[in-house]
Amino acid sequence: AKGMEHKVAAISLGQGQGPKAETAIRTGREQGGWVVLQNCHLAVSWLPTLEKLIEEFTPDTMEDSFRLWLTAMPSPHFPVSILQNGVKMTNEP
C-alpha cells in the first residue's frame, strides 16, 4: 500500500542462529514488519523455543503489520501446534 514501508528480517536457521531469530521475532512483534525464518528443520533443538514464542502471540501484544514466515523441509520434529495454528503452503514436485 502507498506509504507503507515493510521491514523484512530474513534469517537462515542453523547453528547459533536461534537467539538472532528470537530477537527478530520480538522486534517484529513490537515494531511491525515481516520475519522470515528459513530452514527451520535445521534448528530442531531451537524449535521448542519458537513454539513458546508463538504461543505468546495475541492481537494485544503484536503490531498489526507483523508477519512471521517459516520455511522447512518435512520433519517429524516440527511442533504440531505451530502447524495447527498457521496457514500452510506446500511445494511438491
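Visitor: How many bridges join β1 to β2, and which way do these strands run?

Guide: This is a predicted model, in which local features need pLDDT of at least 70 and side-chain atom pairs count only at pLDDT 80 or more, while totals for chains, interfaces and linings use all residues. Residues are numbered from 1 along each chain as its sequence is written, and side-chain values use heavy atoms, with hydrogens and water left out. As for the strands, β1 and β2 run parallel and are joined by 5 bridges; two strands pair if DSSP finds at least two bridges between them, so 5 bridges make β1 and β2 a pair. One of the contacts sets Val8 against Trp34, its bridge partner in β2.

Visitor: What makes β1 and β3 the edge strands?

Guide: The open sheet has 3 strands in the order β1-β2-β3, with parallel pairing, and β1 (8-12) and β3 each pair on one side only. Strands here are DSSP runs (E, at least two residues), and helices are runs of H or I with at least four, numbered from the N terminus. From one strand to the next the twist averages 15 degrees, where axes are lines fitted to C-alpha atoms, for helices over the stretch in contact, and angles run from 0 to 180 degrees between N-to-C directions.

Visitor: Why is the aromatic pair of Trp34 and Trp69 called tilted?

Guide: A search of the whole structure finds 2 aromatic pairs. In the pair of Trp34 and Trp69, the distance is 5.6 Å centre to centre, with 40 degrees between the planes. Rings of Phe, Tyr and Trp (its six-membered ring) pair if their centres lie within 6.5 Å, and planes under 30 degrees apart count as stacked, over 60 as edge-to-face and the rest as tilted; the angle of 40 degrees therefore makes this pair tilted. Because Trp34 lies in strand β2 (residues 34-38) and Trp69 in strand β3 (residues 67-70), the pair ties together parts that are 35 residues apart in sequence.

Visitor: And what makes the pair of Phe57 and Phe66 edge-to-face?

Guide: The ring centres of Phe57 and Phe66 are 5.5 Å apart and their planes stand at 85 degrees, so the pair is edge-to-face.

Visitor: How do you know whether Phe66 is buried or exposed?

Guide: Buried means under 20% relative accessible area, exposed over 50%, and partly exposed in between (1.4 Å probe, protein chains only). Phe66, at 6% relative accessibility, therefore counts as buried, whereas Phe57, with 21%, is partly exposed. Trp34 at 30% is partly exposed, and Trp69 at 38% is partly exposed.

Visitor: What is the phi of Asn39, and where is this residue placed?

Guide: Asn39 has a positive phi of about 60 degrees although it is not a glycine, and its place is in the loop between β2 and α2 (47-55). With a relative accessible area of 28%, Asn39 is partly exposed.

Visitor: What is the make-up of the lining of the largest pocket?

Guide: The residues of that lining divide into 15 nonpolar, 6 polar and 4 charged, where Ala, Val, Leu, Ile, Met, Phe, Trp, Tyr, Cys and Pro count as nonpolar, Asp, Glu, Lys and Arg as charged, and the others, Gly among them, as polar. The largest share of the lining, 4 residues, comes from β3.
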